[in-house]
Amino acid sequence: MRITKYELLTEADLLSRLKRTRLRGFDRAEVYRDATLEVLETDPETLTPAQRYVLQEGVQAILDVADAFAPLGIDIFGLRGALLFWPEGSDPDHDAPIPFLPPVIEESVEPDGRTVLLINDGIHRVYAARKRGRKINVVLARGVPQKYPYYAYALPEGWARVEELDELREGYQKKEYRNPENYKALFRDFNEIFEGVQKQRPRTNPAHLKS
């Protein structure tokens with residue numbers, strides 16, 4: 001991968017934008033409005049996934065971005081703000097940039113009483129750092145209203161339950177949802193503030209789960 005152009009947004013700008021993150025349901029509530037957001041460095045092993053898989057192609061794409069920016073003196077695993085970039089073949093004057101953010105992590109209280117650092121957005125970024133034996137900067141959200149928990153539960157066995165797949169198969173349930181009848185109501189819509197940051201994966205969940 002070659003980079004045509006890039007822009008760095010400040011930590012203050014990143015956190016200001018994330019403060020405006022809305023839910024898909026609940027009257028589009030701003031889920032982080034009263035939460036505390038901060039950027040900090042952490043070991044991927046201390047973070048708990050909710051998603052049962054990563055795609056090999058997605059992980060490799062993160063590593064390709066890392067290798068493309070390293071000669072430019074930018075460590076994508078050490079970002080404190082947001083990175084917007086245009087890869088070779090795109091037109092900065094007409095095409096939207098690709099956004100790259102630190103993963104978003106939430107302090108989450110699980111049904112068994114555990115408090116975990118749950119990976120909300122960016123499991124492929126965390127997995128790529130883990131694969132390279134790197135620490136990673138994340139945005140940690142504390143004090144999220146209890147009525148707006150993350151829409152899926154943490155995996156009880158953590159990373160041991162995450163599969164590295166070449167593709168998603170039909171009927172594959174991606175997460176254990178808090179409300180299977182309407183799990184997307186609690187979905188945090190980051191695409192609204194950073195267009196394209198949340199990739200649309202193939203819909204594979206069993207038929208009894210509503211998308």
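Modeller: Buried means under 20% relative accessible area, exposed means over 50%, and partly exposed lies in between, using a 1.4 Å probe and protein chains only. The model is predicted: local features need pLDDT of at least 70, side-chain atom pairs count only at pLDDT 80 or more, and totals for chains, interfaces and linings use all residues. Residues are numbered from 1 along each chain as its sequence is written, and side-chain values use heavy atoms, leaving out hydrogens and water.

Biologist: What is the relative accessible area of tyrosine 148?

Modeller: Phenylalanine 26 counts as partly exposed, at 43%. Tyrosine 148 is buried, with a value of 13%.

Biologist: What kind of pair do the rings of phenylalanine 26 and tyrosine 148 form?

Modeller: Rings of Phe, Tyr and Trp (its six-membered ring) pair if their centres lie within 6.5 Å; planes under 30 degrees apart are stacked, over 60 edge-to-face, the rest tilted. The structure holds 11 such aromatic pairs. Here the centres are 5.5 Å apart and the planes stand at 65°, so the pair is edge-to-face.

Biologist: How many residues apart in sequence are the parts tied together by that pair?

Modeller: Strands (E, at least two residues) and helices (H or I, at least four) are DSSP runs, numbered from the N terminus. Phenylalanine 26 lies in the loop between S2 (22-23) and S3 (36-42), and tyrosine 148 in the loop between S9 (136-142) and S10 (163-165), so the separation is 122 residues.

Biologist: What kind of pair do tyrosine 150 and tyrosine 151 make?

Modeller: Tyrosine 150 is buried at 1%. Tyrosine 151 is buried at 8%. Their ring centres lie 4.8 Å apart with planes at 45°, so the pair is tilted.

Biologist: Over the ring of which residue does the charged end of lysine 184 sit?

Modeller: A charge sits over a ring if NZ of Lys or CZ of Arg is within 6 Å of the ring centre and within 35 degrees of the ring normal. Ring pairs link Tyr150, Tyr151, Tyr177, Tyr183 and Phe187 into a cluster. The charged end of lysine 184 is 5.2 Å from the ring centre of phenylalanine 187.

Biologist: How many of the 7 residues of S8 are buried?

Modeller: S8 spans residues 115-121. It runs antiparallel to S7 (residues 104-109), joined by 6 bridges. S8 is largely enclosed by the rest of the structure, because its buried residues number 5.

Notes. Pairing = 2+ DSSP bridges.
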